[in-house]
Amino acid sequence: MKPVNQKAWLLVVPVVLCVAFSAILPLMTVVNYSVQDIISPERRVFVGTEWFKAVMRDDDLIGALGRQMVFSLAVLAVEIPLGIALALAMPAKGWTSSAVLVLVAISLLIPWNVVGTIWQIYGRTDIGLMGAALAALGFDYSYTGNATHAWLTVLLMDVWHWTPLVALLCYAGLRAIPDAYYQAASIDGASKFAVFRYIQLPKLRGVLMIAVLLRFMDSFMIYTEPFVLTGGGPGNATTFLSQYLTQKAVGQFDLGPAAAFSLIYFLIILLLCFILYNWMQRVGTADKTEAGHG
Amino acid sequence: MARIELDLAHAYGPNPQRDEDYALLPLKMTFEDGGAYALLGPSGCGKTTLLNIVSGLVTPSQGGLSYDGRDVTRLTPQQRNIAQVFQFPVIYDTMTVAENLAFPLRNRGVPADRIKQRVGQVAEMLDMSGQLNLRAAGLAADAKQKISLGRGLVREDVSAVLFDEPLTVIDPHLKWQLRRKLKQIHHELKLTLIYVTHDQVEALTFAQQVVVMTRGKAVQIGTASELFERPRHTFVGNFIGSPGMNFLAACGAADGIEVAGRRLAAPKAALSGLGAFTLGVRPEYVRLAAPNEPGAVPGVVTQAQDIGTYWLVTASVGEGVDPSLLRARLSSEQTIPRVGETVWLSIVGEHTCYYVDEDLIA
């Protein structure tokens, strides 16, 4: 029998302490709040799953969740294909490639609230370039008055802000494909589309998975930009989950429901990422026919 | 299937002036239809450049090449209808083995039943019939490399199959199998095969004709035995064989030649009138001799290694005058001299070669 050595625990302790201090304990505080009614710092009542039941019945919350889902899916549907297309169009070599890389990365360097402010001005029909241009073209555009316009403007802003991230990831993925693949495809007589479909896209799978997860999680937690641009309005057309949560926790100081909702929010993101990840793992790797294993 | 004629040179940069600017020095040669050729040389000697020019991935900066008399200098690999197998297996990850093999035919619009038939035949030839429905991405490197090869063979009218060090990533025991498979396929299909490698064993066992290259120049084209027996260039003598040829500085004298401080009778009349030249003899042809035997020189053994089936004995000859090392491959059955002993080694014989300025003269 091997001698048992317990020293390894010592090596794990720093990590456990760090993670506990920075993640587990704060999360447990939220769990703690979610099962109590905090009336004042001294008075608190244990309410069990009451808050969870309450937030599940909250129509505003369900509305925000629906808007959030549609928004995040729209973000993915636009940014992923657009990012791939951009990456394919970017020059691969020479000084132009460096120049384009810098240009593409600019929007990623701008702080969220500044992005909101930029678009707030950009969309104004009196002094904003886009707003004025749309108005001049005869559109009755108003992101403050029209719910659809507001929603589309927030989407457009997110696309403007984050598509470069997808493009840069894909660009890196494309550069990692060895030349031999393109040469072999050329010898095999593959069309440009076939090269994309059978070489580039499969080789981008890894970076696309990262891009999809990052963009999904980030867009699902979007807060600052719509807060600055529309403040969630008009009505609640652009009130997404995190904004609703902030209203509850900070605005109304309903710590119990806000905590319960935070946990549900966290689980939703976890679950959706899990589903997305597994789905993307399977795409293109599952055996097309099981006969081969027979 | 095609006879490939080359008359070209290539430089990657513009305006090549010196020899060093060329990746491939001016070269004129022919790959005969149905021949199996190997391009052999160290890294950076231009062999892959030459291969890529033949396949059409690189356009030569000077001159051109033709397939069966048709000028193809400006044609793409697809138009030349060649197949190429690369150093690292190239397979289409999302496809099954069968779909991979069918891909070149599908791109060319071949009818489905014909594709099925061809894929079946090629899979049979490569012993992959049982794996047709497996995803290619999950296979081992040697199977992937067979798929790369199969994609070339699936087109019946392919002009030539080119290999760019295709066995680099294959396990040694599978290398032999794959190489045998290649030879068998060459035998059955009579394709023109060109094979790039830096491994002399691979080149000599695979090819009928080996092109030895160094520093952008094809220094000798010949069969394995020609390269071994009559290296036309000292580089070939050194590169082919394990260990390579021994070279000793020599010079012609009135009544013979001087080598390693000894005067020997001129083995060939042409040598006596010559100035400085180099004598080359393979370790396999150096044998132990009796003292003062004609064509032998004395030397002090500096190393004796048992290589298993033979001994490799290194002796220092020409002490005091022109010392150099001479290696001899001796059969284990004879008495092997020990380190420090003085031995006589015969270096002049029918297998000895003579070089001036690195080129064979006799």
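Two residues are in contact here if their C-beta atoms, placed from the backbone, lie within 7 Å. The model described is predicted: local features need pLDDT of at least 70, side-chain atom pairs count only at pLDDT 80 or more, and totals for chains, interfaces and linings use all residues. Residues are numbered from 1 along each chain as its sequence is written, while chains are lettered from A and ligands numbered from 1 in the order in which they are written. Helices (H or I, at least four residues) and strands (E, at least two) are DSSP runs, numbered from the N terminus.

**Chain B overall**

- Chain B contains 10 helices and 21 strands.
- The C-alpha trace of chain B spans about 75 × 50 × 30 Å along its principal axes.
- Of the 362 residues in chain B, 43% are buried; a residue is buried if 20 or more other C-beta atoms lie within 10 Å of its own, exposed if 12 or fewer, and partly exposed in between, with C-beta atoms placed from the backbone.
- Among contacts in chain B with a separation of 6 or more, 66% are between residues 24 or more positions apart.

**The six-stranded sheet of chain B**

- An open sheet of six strands runs in the order β6-β7-β8-β3-β9-β10 (chain B), with mixed pairing; two strands pair if DSSP finds at least two bridges between them.
- At the edges are β6 (83-85) and β10 of chain B, each of which pairs on one side only.
- Neighbouring strands of this sheet are turned by 15° against each other on average, direction ignored.
- On one side, β9(B) pairs with strand β3 (residues 36-40) of chain B in the parallel sense, over four bridges.
- Strand β10 (residues 217-222) of chain B also pairs with β9(B), in the antiparallel sense and over five bridges.
- V211(B) in β9(B) stands opposite L39(B), and its bridge partner in β10(B) is I221(B).
- The hairpin of β9(B) and β10(B) has two residues between the strands, and R215(B) in the turn has a positive phi of about 45°.

**Strand β9 and V212 of chain B**

- Strand β9 (residues 209-214) of chain B is largely enclosed by the rest of the structure, because five of its six residues are buried.
- V212(B) lies in strand β9 of chain B and counts as buried, with 26 C-beta neighbours inside 10 Å.
- Leaving aside neighbours within four places in sequence, V212(B) is in contact with L40(B), G41(B), V219(B), Q220(B), L227(B), V236(B) and F239(B).
- From V212(B) to A270(B) the separation is 58 residues in sequence and 27 Å in space, C-alpha to C-alpha.

**Helices α3 and α7 of chain A**

- Helix α3 (residues 59-89) of chain A and helix α7 (residues 147-175) of chain A have axes that come within 7 Å and cross at roughly 45°; axes are lines fitted to C-alpha atoms, for helices over the stretch in contact, and angles run from 0 to 180 degrees between N-to-C directions.
- The crossing of α3(A) past α7(A) is right-handed; a crossing is left-handed if the near helix is turned anticlockwise from the far one by less than a right angle, and right-handed if clockwise.
- Residues making the contact include F71(A), V75(A) and L82(A) of α3(A) and L155(A), W162(A) and Y171(A) of α7(A).
- By class, this contact of α3(A) with α7(A) has 17 nonpolar, two polar and two charged residues; Ala, Val, Leu, Ile, Met, Phe, Trp, Tyr, Cys and Pro count as nonpolar, Asp, Glu, Lys and Arg as charged, and the others, Gly among them, as polar.

**Helices α1 and α13 of chain A**

- The axes of helix α1 (residues 8-34) of chain A and helix α13 (residues 255-282) of chain A cross at roughly 125° and come within 7 Å.
- Helices α1(A) and α13(A) are therefore oblique to each other, and α1(A) passes α13(A) in a left-handed crossing.
- V30(A), V31(A), Y33(A) and S34(A) of α1(A) meet L255(A), G256(A), A259(A), A260(A), S262(A) and L263(A) of α13(A) in this contact.
- The contact of α1(A) with α13(A) has seven nonpolar, three polar and no charged residues.

**Interface of chains A and B**

- In the interface, 21 residues of chain A are in contact with 23 residues of chain B.
- On the chain A side, α8 (179-187) and α9 (192-203) are the elements that give two or more residues.
- Helix α8(A) gives the largest share of that side, six residues.
- By class, the side of chain A that touches chain B has 11 nonpolar, seven polar and three charged residues.

Key
Parallel < 35°, antiparallel > 145°, perpendicular 65-115°, else oblique.
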